[in-house]
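Student: I am new to this structure. Please take a close look at the pockets and tell me what lines them.

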Amino acid sequence: MEVKLENLSKVFPGSKNRPATVAVNNMNLTIPDGKLVGLLGPSGCGKSTTLYMIAGLHKATEGKIYFGDLDVTGMPPEKRGIGLVFQNYALYPHLTVRQNIMFPLENIRPKLSKETMYEITNKMAALVDIGKYLERKPKELSGGQQQRVAIARALAKTPKVLLLDEPLSNLDARLRLQTREEIRRIQRETGITTIFVTHDQEEAMSISDFIVVMCNGVIQQVGEPQYVYDEPANLFVAKFLGSPAINVFDGKIKNNKLYINGKLLDSKGFEGKEDLDLGSEDAYEAFKKAGFNGEYNDFLKVVYNYEEQNVENNEQTEETTTEKAYEKGEPIVDLEIQNDIIQKFVDKNPNLTVENINSALNDVRIEKKLNRSVKIAIRPEMFVIDPKGRIPVKVAYVEHIGRDMSIVGNIDKQSSKLRIIISSEMRSSVQEGLMMFSARRFYVFEETGERIK
């Protein structure tokens with residue numbers, strides 16, 4: 001059964017002391033028939049809310065949900081043909097395993113015979129490999145066995161769509177590995193479209209046909225797990241996927257080339273020429289976006305210190321003073337001077353902040369393709385020890401991880417700590433202090449998170 005979400009949103013109303021929460025924001029997604037899809041993201045990203053809207057437990061604020069060609073947006077959960085497995089299993093403690101699996105079958109109309117219900121129960125129990133526990137109560141089972149009972153119960157009615165809400169989070173590491181493999185096996189054998197919610201990237205990437213990475217209620221990227229890992233659409237996806245996490249550090253695009261600490265890293269595929277003049281109309285528009293309420297002439301007075309200059313120049317006429325005061329003057333491109341001027345604006349205007357001004361100025365640099373700061377990201381396994389490399393790393397210490405080694409260090413004058421994974425065969429090449437590396441693959445992102453290369 002294909003599941004299609006069109007412009008789906010969920011807003012939880014606020015109160016006097018709490019604003020409304022946008023849990024899911026204008027989601028568009030098509031889940032193909034018979035696929036296992038992982039909704040992946042940090043806590044609070046909207047993945048469980050999405051699942052509950054598909055299930056009918058949450059009413060969508062806006063948008064549509066389709067099962068095939070059928071609009072189920074306003075349909076109650078019991079009529080949608082779904083099987084739902086909760087994080088806490090939700091088994092009835094006073095019923096046996098058999099009775100738990102049979103429970104949803106007893107509500108089917110026209111009513112099924114006892115023989116039919118037993119047949120289905122035995123089939124489901126065999127599918128999830130709990131046939132020998134049918135007469136036990138849930139408390140007599142391990143966590144993994146209870147989870148299998150919950151899956152068997154969800155499958156008993158032959159649902160069109162199987163929904164799993166973080167089904168493995170209560171299991172220990174060994175059981176999580178075993179149970180996720182079982183979930184994949186069961187899904188393949190039944191062919192039921194399955195949506196699997198998790199914050200564990202390893203789980204999602206190991207068993208999903210494709211993953212949906214979410215953040216703040218918005219889909220960041222959809223694709224096959226390996227592709228999303230190799231080709232992250234933005235900085236959030238790059239940082240979220242991977243263990244150890246991807247290394248992120250500062251770089252700069254200047255005159256269409258990429259630099260680290262003033263040293264050339266790459267010269268192809270970048271756009272960025274000229275520096276932003278803080279006295280330009282583009283800069284003024286950025287200040288307005290950040291909250292500055294004055295006219296352009298008022299802006300220039302602060303940028304060029306004309307108020308102070310005019311106090312000292314008493315011999316000038318008012319007309320001459322005004323003309324001089326509104327003259328643009330020399331371009332201000334030095335970042336240190338720009339930072340001082342920005343602070344002066346903040347001191348004079350309580351509604352401005354350094355963060356908002358810099359963010360707005362950076363948007364101008366990106367839009368106009370000017371020289372600008374960027375983020376460079378390299379996965380730990382992509383570094384190569386290279387005496388002629390262009391990435392200088394100050395080695396702090398070395399950790400051993402099985403047959404591999406993890407070098408921990410940083411790039412001079414940068415706060416970000418780097419973790420580099422290399423084969424233990426290269427141990428003799430590792431030394432304390434400064435080492436040079438190159439990278440088999442690196443990514444470049446705007447400071448807003450948008451991927452450049």
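Tutor: Start with the labels. Helices (H or I, at least four residues) and strands (E, at least two) are DSSP runs, numbered from the N terminus. Keep in mind that this is a predicted model. The average pLDDT of the chain is 90. A score of at least 70 is reached by 95% of the residues. One stretch to treat separately is residues 307–326, where pLDDT stays under 50. For that stretch the model has 13 contacts beyond four places in sequence.

Now the largest pocket. Its volume is about 610 Å³. The lining of this pocket has 19 residues, and the closest to its centre are Ile-82, Gly-83, Leu-84, Pro-104 and Lys-157. Which elements supply at least two residues each to the lining of the largest pocket? They are strand E6 (82–85) and helix H4 (143–155). E6 gives the most, with three residues. By class, the lining of the largest pocket holds eleven nonpolar, four polar and four charged residues.

Stay with Lys-157 for a moment. Lys-157 sits in the loop between H4 and strand E7 (161–165). Is Lys-157 buried, exposed or partly exposed? The relative accessible area of Lys-157 is 42%. Buried means under 20% and exposed means over 50%, so Lys-157 counts as partly exposed. What does Lys-157 touch, leaving out residues up to four places away in sequence? The answer is Pro-104, Leu-105 and Ile-108. Pro-104 is also among the residues closest to the centre of the largest pocket. Next, compare sequence and space. Thr-121 and Lys-157 are 36 residues apart in sequence. Their C-alpha atoms are 9.9 Å apart in space.

Move on to the second largest pocket. Its volume is about 360 Å³. It is lined by 19 residues. Nearest its centre are Leu-335, Asn-362, Arg-365, Arg-372 and Ser-373. Which of them gives the largest share of the lining of the second largest pocket? That is H14, with five residues. The classes here are four nonpolar, eight polar and seven charged.

The largest pocket has eleven nonpolar residues in its lining, whereas the second largest pocket has four.

Technical notes:
Residues are numbered from 1 along each chain as its sequence is written. This is a predicted model: local features need pLDDT of at least 70, side-chain atom pairs count only at pLDDT 80 or more; totals for chains, interfaces and linings use all residues. Side-chain values use heavy atoms; hydrogens and water are left out. On a 1 Å grid over the protein atoms alone, a cavity is a set of points where a 1.4 Å probe fits but cannot get out, and a pocket is an open set with protein on both sides within 12 Å along at least five of seven lines; lining residues have an atom within 4 Å of a point. Grid points are joined across faces, edges and corners, and a volume is the space filled by probe spheres set on the points. Ala, Val, Leu, Ile, Met, Phe, Trp, Tyr, Cys and Pro count as nonpolar, Asp, Glu, Lys and Arg as charged, and the others, Gly among them, as polar. Buried means under 20% relative accessible area, exposed over 50%, partly exposed in between (1.4 Å probe, protein chains only). Contact means heavy atoms within 4.5 Å. pLDDT is the predictor's confidence in each residue, from 0 to 100.
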